[in-house]
Amino acid sequence: MVMVTDSKPIIPRRGLVVGNYCHDVLHRDGEAVAETLGGAASFISVILDALTLPFHTVSRVGPDFAYAAATSNHPPLIIPTSQTMLFHAHFGSVYPDRLLNRVRSCDSILPSDLPDQTRFGFGLAVGVGGEILPETLEKMLSICDHVFVDIQALIRRFDNINGRVSHVALRDSGFFHLLPRVAFLKASADEAVFIDVEEVRKLCCVVVTHGKDGCEVFCPNGAFKVAPFVADQVDPTGAGDCFLGGFAAGIVRGLAVPDAALLGNFFGSIAVAQLGPPKLDFNLIQIVKDEMHKRKLQGIPFLERRDESPGFRKPPEQDQFYASLVTAKAIIMCQIQESGRNLLSSPKVLEQNNAKTILSLTSVHEEPIPSVDGKP
Ligand SMILES: Nc1ncnc2c1ncn2[C@@H]1O[C@H](COP(=O)(O)OP(=O)(O)O)[C@@H](O)[C@H]1O
Ligand SMILES: O=P([O-])([O-])O[C@@H]1[C@@H](O)[C@H](O)[C@@H](O)[C@H](O)[C@@H]1O
């Protein structure tokens, strides 16, 4: 359990984001609709950059990586002998539970890939394809003051033939012994069945996300549900990543845990309303930053708490914070619609920032996905 004993104000050092970028092919209702930049590191970068939190990224790709321009601020390590990780995601009415195939893998991120002689204020362990090794997470924990972990980096396993994503129990993942040094562990509801929340919450704070129903936070001395923001879901990809990016940013920027979780819900709801990595409106972000500053003045920041209770009492006027974010989103969405800018992708969008039309889908072997009645 991470304890903060130093009462001096936290000076936000740079963060460290560790996880491979990947190529995503998105299939909605059985139809390939886009190829996009993917990987939690890509989604989280959008959020942290928007909230002007400085960070360093460690990510591995192959020479075939197609999004060098989009990641130029946080360039990956290009491994000549490797290839960029490739995921195919299937979602929509035909697949109520999203189905993911890691069609191509990339090299693991090694401890030696991480900077030496540098300390980081926070770390985000956000692998998506099994690229983070226990020894790599161990090094992150030794060079970062507070580490946020997405459980998908720890418990995912991949079918040898078609790369179908499955999960192992956290206890059997090879990472369990590191949990007491983790600040927050994020799991979606589907992933939470692979942990004993009552056991793990004694070791580190556990954040369980519930899609359109928001999220729940569990720590040794309390649990808290946090309300969602309404969204018209276009693409579920990256919702958890954007949630974690917003949540971590809230904690690092000095919000209490429930307020940070609300911020996570806010960015998760924006993510699902767009295809691929979200585009964030400048004016919206400015309003969010102002609201975060106001909240920080009212709450007791998690990272500055001097006692066991990690800010789990619902902060005063959290409803006001929620209402301000809802209003901000509504104002901006009206402005965008009036201006004709289309931040929300239409179902048939084939061309978009970081998204490309389907050119090479047939060049990638993937077994026919059984339809909902189990027939190919
Ligand atoms: N359809 C939705 N409407 C509103 N918010 C959503 C929706 N889907 C996801 N979110 C937000 O994103 C967060 C993470 O989504 P979830 O689907 O639980 O994670 P993951 O992508 O890891 O499976 C949720 O807690 C919620 O705040
Ligand atoms: O949707 P989400 O679980 O938050 O995160 C997603 C991963 O699960 C997926 O493997 C990857 O291909 C996507 O680019 C995105 O990172």
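A residue counts as buried when its relative accessible area is under 20%. That cut-off is used at several stops below, in what is a predicted model.

**Stop 1**

Select Cys205. Its relative accessibility is 0%, so Cys205 is buried. The disulfide count for the model is 1.

**Stop 2**

Move to Cys144, which takes part in no disulfide; its nearest cysteine sulfur belongs to Cys204 and is 15 Å away. Cys144 has a relative accessibility of 3%, so this residue is buried.

Next select Cys242. No disulfide includes Cys242, and the nearest cysteine sulfur, that of Cys22, lies 13 Å away. With a relative accessible area of 0%, Cys242 is buried.

**Stop 3: ligand 2**

Select ligand 2 and show the residues around it. There are 18 of them, and those that come nearest are Asp24, Arg98, Arg156, Gly238 and Asp241.

For Asp24, an N or O atom of the side chain is 2.4 Å from an oxygen atom of ligand 2. For Asp241, a polar side-chain atom lies 2.6 Å from a ligand 2 oxygen. For Arg156, the corresponding distance from a polar side-chain atom to an oxygen of ligand 2 is 2.7 Å. On its own, ligand 2 has 380 Å² of accessible area, of which the protein covers 96%.

Colour the shell by secondary structure. At least two shell residues come from each of β2 (22-28), α1 (40-50), β8 and α6 (239-252). Helix α6 gives the largest share, 3 residues. Coloured by class instead, the shell around ligand 2 shows 8 nonpolar, 6 polar and 4 charged residues.

**Stop 4: Asn101 on β8**

Strand β8, one of the elements that supply the ligand 2 shell, spans residues 95-104 and includes Asn101. Select Asn101 and Arg164 together: their side chains are joined by a polar contact of 2.6 Å. Is Asn101 buried or exposed? Asn101 is buried, because its relative accessibility is 0%.

Notes
Residues numbered from 1 in each chain as written. Chains lettered and ligands numbered in written order. Predicted model: local features only at pLDDT ≥ 70, side-chain atom pairs only at ≥ 80, totals over all residues. Heavy atoms only, no water. Helix = DSSP H or I, 4+ residues; strand = E, 2+ residues; numbered from the N terminus. Buried < 20%, exposed > 50% of the residue type's maximum accessible area, 1.4 Å probe, protein only. Polar contact = N/O pair within 3.5 Å; in protein donor to acceptor, adjacent residues only side chain to side chain. Near = heavy atom within 4 Å. Areas by Shrake-Rupley, 256 points an atom, 1.4 Å probe, with all protein chains shown as cover. Nonpolar A, V, L, I, M, F, W, Y, C, P; charged D, E, K, R; others polar. Disulfide = S-S within 2.5 Å.
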